Amino acid sequence: MKAVQIARPGGIDALEVVDLPIPVPGPGEVQIRAEAFGVSTPDVLIRRGVYKWMPPLPANPGNDVAGRISAVGPGVDAPMVGAKVLLSARDLAQRGGCHAEYVIVPAQAVHVLDEEVDLEAAVCLSNYQVAQALLQECGHPRAPKSVLVIGAAGGVGTALVQLARRAGMTVIGTVSSDDKAAFARANGADHLIFYRRENVVARVRELTGGQGVGLVLDHAGGDGFVDLVGALGNWGTLVSYNAFAPLPEPNLVAALREHMAVCPAVRSFSFHLYDHDTAARRALMREVITALARGEIRPVISAKLKLAEVRRAHELLEQGAALGKIIMVP
């Protein structure tokens, strides 16, 4: 079978497509014949060798795969053979291992899908799982009626826009260009702010009649993060997630005190919170699988490449120009 492998961390040239024996499932395991692979930032971090949850080398950097059960090991019900399934490496003992034509995993790690669920759409759901946690579980004292999504055309941003609309929230998103604005608007954003040429906080205040939003979700960080406290309304929460920018220099506590009248809150979020909370993690994924099956969300695929084109997939991801999810197929 074909599989992606890195012998030594590095640039895209570190990615190799190699021939390996087809693995056989052992007790309690299933074999997945892959039909779609997701490409995500953790894949890039594994390739570079900088991921905190780095698998041992040589490593397969893939973290999402969808396909059908093609064989089962002892102790697994034979009727599972042929079932559509989704696998996220978040449900495995270690990250990676999903970019191969056949994948062996514990039976309890897979999510069984209804037959009508599209596998290429399903493999995009890891972003929606994160978005669902951000919207549902970040401890907002009152259910927010409005949200500001920083980077509304990004991978998680796209999921946030759709899930926030599903929850009945007014969605304001920030974008950097006209094409990203058109994409986010088609995806369901109610209002858009061009952060490179507009004052984000002032525009939020204008769009909300001076009230501010109940929730701000920011993946960028940096010095602009503290300013976003000013976009919050009463009981509003500012959440930082997936941020790679340097820590902000302005005094965050000073900003909170400046806006004390609205009782603002700040939270730092990582999905690794769920690494040892299997029930909660899987419940979040089941929620978005249900939403997909009902047609309540619609993952957007920006590029579909062959597994042999994995270097190109990483290149597109690092360029940050893709509008939607990058996937691969065998």
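This report walks through a predicted model of one protein chain, from its overall build down to a few single residues.

## Ground rules

Since this is a predicted model, local features need pLDDT of at least 70 and side-chain atom pairs count only at pLDDT 80 or more, while totals for chains, interfaces and linings use all residues. Residues are numbered from 1 along each chain as its sequence is written, and side-chain values use heavy atoms, with hydrogens and water left out.

## The whole chain

The protein chain has ten helices and 15 strands. Both kinds of element are DSSP runs numbered from the N terminus (helices are H or I with at least four residues, strands are E with at least two). With a radius of gyration of 20 Å, close to the 20 Å that the globule rule gives for 330 residues, the chain is as compact as a globular protein of that length. That radius is taken over C-alpha atoms, and the rule is 2.2 Å times the number of residues to the power 0.38. Along the principal axes, the C-alpha atoms fill a box of roughly 60 × 40 × 35 Å.

Of the 330 residues, 52% count as buried. Buried here is under 20% relative accessible area, exposed is over 50%, and partly exposed is in between (1.4 Å probe, protein chains only). Looking at contacts (heavy atoms within 4.5 Å), 69% of those between residues at least 6 apart in sequence join residues at least 24 apart.

## The parallel sheet

Six strands make an open sheet with parallel pairing, in the order β10-β9-β8-β11-β12-β13. At its edges stand β10 (191-194) and β13 (265-269), each with a single partner strand, so one side of each has no neighbour in the sheet. From one strand to the next, the twist averages 20 degrees. Angles run from 0 to 180 degrees between N-to-C directions, with axes fitted to C-alpha atoms (for helices, over the stretch in contact).

Within this sheet, β8 (residues 146-149) pairs with β11 in the parallel sense over three bridges; strands pair if DSSP finds at least two bridges between them. V149 sits opposite L217 in β11. Helix α5 (residues 178-187) packs on the sheet and touches β9 (170-175) and β10, with its direction at about 160 degrees to that of β10.

## Two nonpolar cores

A nonpolar core is a set of buried Ala, Val, Leu, Ile, Met, Phe, Trp, Tyr and Cys residues joined through side-chain atoms within 4.5 Å. The largest one has 51 residues, and the members that touch the most others are L125, L134, L160, L217 and F269. There is also a second, separate core of 38 residues, with A3, I46, A59 and V105 among them.

What does L160 contact, leaving aside its neighbours within four places in sequence? The list is A131, L134, L135, V149, L217 and Y241.

## Strand β5 and S88

Five of the five residues of β5 are buried, so the strand is largely enclosed by the rest of the structure. K84, L86 and S88 cover one side and V85 and L87 the other. Strand β4 (residues 64-72) runs antiparallel to β5 and is joined to it by five bridges, with G67 opposite V85. Two bridges link β5 to β7 (residues 111-112), also antiparallel, and there V112 is the bridge partner of V85.

S88 lies in this strand, residues 84-88, and has a relative accessible area of 3%. Not counting residues up to four places away in sequence, S88 touches N63, D64, S126 and M285.

## Strand β15

β15 (residues 325-329) is mostly covered, with five of its five residues buried. K325, I327 and V329 point one way, while I326 and M328 point the other. Strand β3 (residues 29-39) pairs with β15 in the antiparallel sense over three bridges, and F37 has M328 as its bridge partner. Strand β14 (residues 301-306) runs parallel to β15, joined by five bridges; here K304 partners I327.

## T208 in a loop

T208 lies in the loop between α6 (200-207) and β11 (213-218). Is T208 buried or exposed? T208 is buried, at a relative accessible area of 18%. Its side chain reaches the backbone oxygen of V204 at 2.8 Å. Setting aside residues up to four places away in sequence, T208 touches I172 and V213.

Terms used
Polar contact = N/O pair within 3.5 Å; in protein donor to acceptor, adjacent residues only side chain to side chain.
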